[in-house]
Amino acid sequence: MRASARITIATATAALLIGCVSGPAASEPDSSGSAAGSKAGEKVLVFSKTAGFRHDSIPEGVAAIKELGAANGFTVDATEDAKAFTAKNLAKYDAVLWLSTTGDVLDGKQQSAFEGYIKRGGGYVGVHAAADTEYDWPFYGGLAGAYFQSHPAIQPAKVRVEDHGHPSTAHLPGIWERTDEWYNYRSNPRDRAHVLASLDESSYTGGSMSGDHPIAWCQDYQGGRSFYTGSGHTKESFADPAFRTHLLGGIRWATGAAQADCRPEKGYTPIFDGTAKSLDAWKQAGPGSFELNEKDGTLTTVGGMGMLWYDEAKELGSYSLKLDWRMDGDDNSGIFVGFPPSDDPWSAVNNGYEIQIDATDVPEKTTGSVYGFKSADLAKRDKALNPAGEWNTYELRVEGERLRIYLNGVKINDFTNTDPARSLKDGHIGIQNHGADDQVSFRDIRVKDLPARNASGVGR
């Protein structure tokens, strides 16, 4: 908020407070997979050497990645020569994309050069059979996230998108239906990587991962960035606009052109999942409302000043709140925490704290600040922040009277309440609709209980 209010959450009648009319939909990808906001000048090496099965889709994959580079401002070199893996040569690239590589493709010296490249901050993108590569190189297995085990026949399946904040999945529906060759993996990467999408094993034949079947994930790994997608077996994949945008988002994140939270995530409960039903436990306080777009699972602010708040049976005292947000320009909104239930949005302003979303106010009132109380670390904030028009992810971690704010996985603020008139343990949460000229969208709001902490965040 700029100079006025902040907002909270409770339960509400979706019909009354939330318009079930379509809000602004996410941009539909064109066949080029062009993305606004790409940082220009990155360089990507596509490596497609095979020492086992060779996919006939590799030429289509190389061509598609070169087209994506031409449309989005990054340069692409392609090679099947492992001699490209020297420290000097790899230093030219922001990411190395392993395109359906198979078997042992690097010798020990080349492996060491690639390990050094990742540890110095390089990016890795693995596509499909990149998981069927270098089984005797533990560093690579950890970087890829999981090794291939088996696959059934090519067939349609439903892909559940678990994270819409990442640029590789931000454009996708909750259920992405597509045809491919669906890998089973020797281990589940969920404990060590951040799962972006998983397979619904009931939607096809031959899944063997007991119902928890990640198919795309990302992670920060030993100083570098790693993105993997199990899709990309078929030639047709590389002509599919949705898959091309998925691949583009993975490349942009791996090169550092886009930011996202790729820390492992487990144990969160959705409190807004993009459906009208999930709004039954929310209430609108004050004027304005939010428009629900069930097609892309978003809530978009309408008018204000007001707040939509979550009215849970028990207050949250020690918890992690995650949500994704996007603003189109110099818009204004925020997330309120630590306020008592009330139909008056000013109660949240006066008794709670707002975590701000606003690009251009003074430091203690811009994105990442505890509004009016503490500025974010602006250098870290600016490095972690995606530009207007792209999705960002907040984690608000409340432990006792301590509030830590993470933007796209980076801690940008650490605040402790010392005001006896307020308490972060008054555990209601809400999202703000600031005014008619401010449109901000939210989606995938989820929460996880944390162990009880004292005021400084130290366990009792």
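Two strands count as paired if DSSP finds at least two bridges between them. Strands are DSSP runs of E with at least two residues, helices are runs of H or I with at least four, and both are numbered from the N terminus. You're looking at a predicted model, where local features need pLDDT of at least 70, side-chain atom pairs count only at pLDDT 80 or more, and totals for chains, interfaces and linings use all residues. Residues are numbered from 1 along each chain as its sequence is written, and side-chain values use heavy atoms, with hydrogens and water left out.

Start by selecting 332-339, which is strand β19. Its antiparallel neighbour β20 is joined to it by 6 bridges. Pick out S333 and look across to β20: the residue opposite is I357.

Now zoom out to the sheet. It is open and antiparallel, with 5 strands in the order β14-β17-β24-β19-β20.

Next stop, the helices: select 58-72 for α2 and 241-255 for α6. Their axes, lines fitted to C-alpha atoms over the stretch in contact, come within 11 Å and cross at roughly 65°; angles run from 0 to 180 degrees between N-to-C directions. That makes α2 roughly perpendicular to α6, a label that covers 65 to 115 degrees.

To see the contact (heavy atoms within 4.5 Å), show A64, I65, E67, L68 and N72 of α2 with R244, L247, L248 and I251 of α6.

Technical notes
Angles under 35 degrees count as roughly parallel, over 145 as roughly antiparallel, 65 to 115 as roughly perpendicular and the rest as oblique.
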